[in-house]
Amino acid sequence: MSAVPTALPPATEWVVPQHWQAVDFISDLHLSEALPRTVEAWAAYMRATVADAVLILGDLFEFWPGSDAVQLDFEAGCAEVLRETARQRHVAVMIGNRDFLLAADMLRDLGAHPLADPTLLRAWQQPPLLLTHGDGLCLSDVAFQKFRAFTRNPQAQVVFLAKPLAERVRMGVEVRHASEAGRSQEPPPGAWPDLDFAAALACLQAAGATMVVHGHTHRPGHSMLAAGFERQVLSDWDLDNAHPRAEVLRLRRDGLVRLSLDAAPRA
């Protein structure tokens, strides 16, 4: 339990409006110009889903260089999808480890709602769900946790954002290339850093929840953390490379259902 003190801050509570019928959870889309099929599928899903709300739990973008990126064609197009969808249904965005520079003011300007990490979601008579991107609980990845602390440091962000946009975009391209190289050398299943179970359990107990919904680990599915405590891991989206996949986790009044990309808009 020594890792527990470095876990997440207290959860922000959010109660779903009673008249809503469905809430969708997605994460880890890693949108970039290098993934046109994934971007197209995301835009089509956002426009077509029948859910009352879409909650994006981090890493919507492979890299977000700052709010002024909306003047660039690709970023402006993605921002317009968010704006258009927010006119039709509730859209909430949690920052992840790749898009940590998504600013709350910019999201509000688009009609989207910044979503705290973690958030305790209460919906109808369902047991509450603890929502988090997940990176803050992968405590065994010490190097990443140091990087995460640095990127979340407000002073470090000010220094980075002071650089010209073109330079920040170039750095983002380097991040994407490093990510692509990493995908080509993926370790076997089970070798990726996972959540620290003790820290996750402590967060669940502190929030009064028994299920956590998270992304980041790219291990989609349902599993138990301990007796009486479980998790739903969201799917990453990639329709441009080998082994394509894209899923939506939907919360309805009768519980959770995992939908393939093709089924999600029509369900």
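Buried means under 20% relative accessible area, exposed means over 50%, and partly exposed lies in between (1.4 Å probe, protein chains only). This is a predicted model, where local features need pLDDT of at least 70, side-chain atom pairs count only at pLDDT 80 or more, and totals for chains, interfaces and linings use all residues. Residues are numbered from 1 along each chain as its sequence is written, and side-chain values use heavy atoms, with hydrogens and water left out.

**View 1. W124 and H218 have positive phi values.** Most residues other than glycine have a negative phi. W124 is not a glycine, yet its phi is positive, about 50°. W124 sits in the loop between β6 and β7 (129-132). Is W124 buried or exposed? W124 is buried, at a relative accessible area of 11%. H218 is not a glycine either, and has a positive phi of about 55°. Its loop runs between β8 (211-214) and β9 (221-226). H218 is partly exposed, with a relative accessible area of 31%. Helices (H or I, at least four residues) and strands (E, at least two) are DSSP runs, numbered from the N terminus.

**View 2. A cis peptide bond joins D117 to P118.** Most peptide bonds are trans. Here the bond is cis, with omega near 5°. P118 belongs to the loop between β5 and β6 (119-122).

**View 3. Six strands form an open sheet.** The order is β5-β4-β3-β2-β11-β12, and the pairing is mixed. Two strands pair if DSSP finds at least two bridges between them. Which strands are at the edges? They are β5 (113-114) and β12 (255-260), and each pairs on one side only. β11 and β12 run antiparallel, paired over 6 bridges.

**View 4. L249 is a buried residue of β11.** Strand β11 covers residues 247-252. The relative accessible area of L249 is 2%. Across in β12, R258 stands opposite L249. Contact means heavy atoms within 4.5 Å. Beyond its neighbours within four places in sequence, L249 contacts several residues, including V23, F25, V213 and L234. V213 is 36 residues away along the chain, and the C-alpha atoms of V213 and L249 are separated by 9.2 Å.

**View 5. The largest nonpolar core has 35 residues.** A nonpolar core is a set of buried Ala, Val, Leu, Ile, Met, Phe, Trp, Tyr and Cys residues joined through side-chain atoms within 4.5 Å. I26, L31, W42, M46 and W237 touch the most other members. Among the elements supplying at least two residues each are α1 (36-48) and β3 (53-57). The largest share, 6 residues, comes from α1.
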